[in-house]
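User: I am new to reading protein models. Can you take me through some features, one at a time?

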Amino acid sequence: MLSSLATIWTEITSLFMSFILLFGTTVGIFSPESTNGAESYFDGNIKNVIYLIGDGMGFNHLKKTKNERDITLTMDTFDFKGSSMTRSLSNAVTDSAAGGTALATGERTYNGAIGVYMNDPLGAFSHPKNITELCMESGMMTGVITTDETSGATPASFSAHSSDRGNTEDITEDQLSSGIDIIWGASNGVATRGDAEENGFTYITSYIQMMALPEGSRSFAQFTNALWTLEQSDERTPNLEQMAEKAIDLLDDTDEGFFLMIEGAHIDKHSHSNEDEMMTEALQEFDRTVELVLEYAKADGETLVVITADHETGAIIANDDGTYSFTQGSHSAANVPVLVYGSDKIINDGEILNNYEIPIRIAYTLGFTEEQFPYEVMVA
Ligand SMILES: [Zn+2]
């Protein structure tokens, strides 16, 4: 069984290699210099990074939410606003695994892949480093929090390496041995208290336990699925905003700074099912989290905030009467927002980036070098 699996993988790998040889090419992408001459807020003194990912969140998701809820969004107040092209190496329309991998590692890969190269899916030779690992190397504290299951494609891309997003056990094992300080999300039924404690984590399952975590502790949370919305949150389960506030409080504890990835997963989930009310509620909760993060960054003065999405979901269109409608139940190839506070080195106003350029620019803004986080990437 094992040897036939290995043969299949060898064949698949060589197929990928042929694909790369035929269509792929490697490029160096940019010089990490500011190109618009605008003054950086902090003269390059970025110590902390908060990277927010609204899964499935396109430009029209923001417009639809404002329109239907009659609200303004904190996301609209960001100084640097551009967009990202989200395709994967294998498909014009990406999934959250390849999308998350590009946003985490600076590498495009095939749909379904978590932090692995397309031509080496099992990591036989190597796998790309994710930005969480990079930050850990320099002594920064790190966290990955989500309203999805902890092993979901987006959080997994920032904390694991696996040939397939469905390898829940492998991904969980990787996460537990990753050295990350905070991994919080909904339970996947795989990670146990024993596994977490063996790897030096405090295992938590409720809001009260989360709030009781002391400074300097490492924690692994398996909450219920209720954590996506404020209304469903209670003493038992925190929402995204509450998780973000506590995570920042725990991570903001060293001179080396911290890296925190925050995912709002339900913008995507409720876009797949075209549920207007639920999607806009999930987006509003995500924006409340953005507001909290932005307030922290403004007060702190050394924190970079980057917001983007892995892809658009639902192909929302603008109607003639000023309303917005879903037109499909799947991901689309539409570009997604990239919003930045704290540095002019990530994106210029109106600039269109490839998704994989975002973590590379974050890394260079933090002072990491090309040797530590290479910008040689495969492109289709
Ligand atoms: Zn999706």
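User: Which ring does the charged end of arginine 218 sit over?

Analyst: A charge sits over a ring if NZ of Lys or CZ of Arg is within 6 Å of the ring centre and within 35 degrees of the ring normal. Here the charged end of arginine 218 sits over the ring of phenylalanine 201, 4.2 Å from its centre. Keep in mind that this is a predicted model, where local features need pLDDT of at least 70, side-chain atom pairs count only at pLDDT 80 or more, and totals for chains, interfaces and linings use all residues. Residues are numbered from 1 along each chain as its sequence is written, and side-chain values use heavy atoms, with hydrogens and water left out.

User: How do I read an aromatic pair, and how many does the structure hold?

Analyst: A pair of aromatic rings is described by the distance of the centres and the angle of the planes. Rings of Phe, Tyr and Trp (its six-membered ring) pair if their centres lie within 6.5 Å; planes under 30 degrees apart count as stacked, over 60 as edge-to-face and the rest as tilted. The structure holds 5 such pairs. One of them joins phenylalanine 158 and phenylalanine 259: it is stacked, with 6.3 Å centre to centre and 20° between the planes. Phenylalanine 158 lies in the loop between helix H5 (153-157) and helix H6 (168-176), and phenylalanine 259 in strand S8 (residues 258-264), so the pair ties together parts 101 residues apart in sequence. Helices (H or I, at least four residues) and strands (E, at least two) are DSSP runs, numbered from the N terminus.

User: Are phenylalanine 158 and phenylalanine 259 buried or exposed?

Analyst: Buried means under 20% relative accessible area, exposed over 50%, partly exposed in between (1.4 Å probe, protein chains only). Phenylalanine 158 and phenylalanine 259 are both buried. The pair of phenylalanine 201 and phenylalanine 220 is tilted, at 5.6 Å centre to centre and 55° between the planes. Phenylalanine 201 and phenylalanine 220 are both buried too.

User: What about salt bridges: how many does a search of the whole structure find?

Analyst: Side chains of opposite charge can pair when their charged atoms come close. A salt bridge is a side-chain nitrogen of Lys or Arg within 4 Å of a carboxyl oxygen of Asp or Glu. The search finds 14. One of them joins glutamate 277 and arginine 69, with the closest N and O atoms 3.5 Å apart. Glutamate 277 lies in helix H11 (residues 276-300) and arginine 69 in helix H2, so the pair ties together parts 208 residues apart in sequence. Glutamate 277 is exposed, at 56% relative accessible area. Arginine 69 is partly exposed, at 23%.
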